[in-house]
Amino acid sequence: MARTKEFDPDAALQSALELFWERGYEATSMADLVEHLGIARASVYATFGSKRELYLRALERYGRQQQPVLLAELSQPGPVLPAVRALVLRFAGESATDGEGGRRRGCFVTNTAVELAPHDPDAARRVEANLAHLETVLTAALVRAQAQGELSEDRDPHAIARMLLVLFQGMRVIGKAGDGSARLRDAAGQALALLG
C-alpha cells in the first residue's frame with residue numbers, strides 16, 4: 001500500500017517560492033528549504049527534484065500568479081491609458097517599498113534574470129516567457145488605446161510596450177539596490193509624459 005504525502009505539495013511550493021524570492025537561488029540552501037518548508041529533505045527531493053528544479057517550478061508558479069493580474073488590469077472595458085498609467089505608478093511604488101525586514105524583494109522574474117539567466121538556459125527561457133507575456137499584454141492594451149483614439153496614430157504601440165517593459169524591469173533593479181525613490185519617481189513621471 002502506497003503512503004500518502006504528509007504535506008501539501010502546493011503549499012510547500014508556495015512557501016519555497018517565498019523563500020527563493022526573498023533570498024535568491026544561491027543564498028538559499030537545501031537545509032534552508034527543509035527548515036522553511038518543514039518537511040524532510042527526502043520528501044523535497046521526491047516531490048520536487050533538485051533545488052534547481054524546485055526553483056524553476058517556483059518561478060513558473062510566480063508567472064502564473066502575476067500574469068492574470070496584469071491582464072485583468074489592462075483589459076478592463078473603457079479607456080486604456082489610465083490603466084497603463086496606474087501600472088507605471090504601481091511598479092514605481094512597489095519598487096520603492098521595503099519588504100519584510102526592510103529588504104526589497106523586487107520581482108522574482110527580474111531577480112532570476114539577473115542571478116541565473118546569464119548561465120542557466122532553462123531559467124533564461126522562463127524569464128523570456130514571462131517578459132514576452134508582459135510585452136504582449138502591454139502591446140495589446142496600447143493597440144486598443146490607439147484604436148479608441150487615446151494614442152495617436154503615429155505612435156508605435158509595440159515599441160512603447162517594449163519601453164515600458166524595460167522601464168518596469170529597471171525599476172525593480174533600482175528598487176532592490178537601495179533608496180532609489182527619487183529615480184523611480186522621475187522615471188515614472190517621464191513615462192507618463194511620453195504616454196500623453
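Arg105 is partly exposed in the predicted model, with a relative accessibility of 25%. The residue forms a salt bridge with Glu18, in which the closest N and O atoms lie 2.6 Å apart. This pair links distant parts of the chain: Arg105 belongs to the loop between helix H5 (81-96) and helix H6 (108-115), whereas Glu18 is in helix H1 (residues 9-23), 87 residues apart. Glu18 is likewise classed as partly exposed, at 28% relative accessibility.

A salt bridge also joins Arg162 to Glu135, with an N to O distance of 2.9 Å. Here too the partners come from distant parts of the chain, 27 residues apart, with Glu135 in helix H7 (residues 121-147) and Arg162 in helix H8 (residues 157-177). Arg162 has a relative accessible area of 45% and is partly exposed. Glu135, at 14% relative accessibility, counts as buried because the value falls under the 20% cut-off.

Arg23 pairs with Asp32 in a further salt bridge, the closest N and O atoms being 3.0 Å apart. The relative accessible area of Arg23 is 36%, which places this residue in the partly exposed class. Asp32 is also partly exposed, with a relative accessible area of 22%.

Beyond these pairs, a network of salt bridges links Arg52, Asp120, Asp122 and Arg125. In total, the structure holds 11 salt bridges.

Note on methods
Residues are numbered from 1 along each chain as its sequence is written. This is a predicted model: local features need pLDDT of at least 70, side-chain atom pairs count only at pLDDT 80 or more; totals for chains, interfaces and linings use all residues. Side-chain values use heavy atoms; hydrogens and water are left out. A salt bridge is a side-chain nitrogen of Lys or Arg within 4 Å of a carboxyl oxygen of Asp or Glu. Helices (H or I, at least four residues) and strands (E, at least two) are DSSP runs, numbered from the N terminus. Buried means under 20% relative accessible area, exposed over 50%, partly exposed in between (1.4 Å probe, protein chains only).
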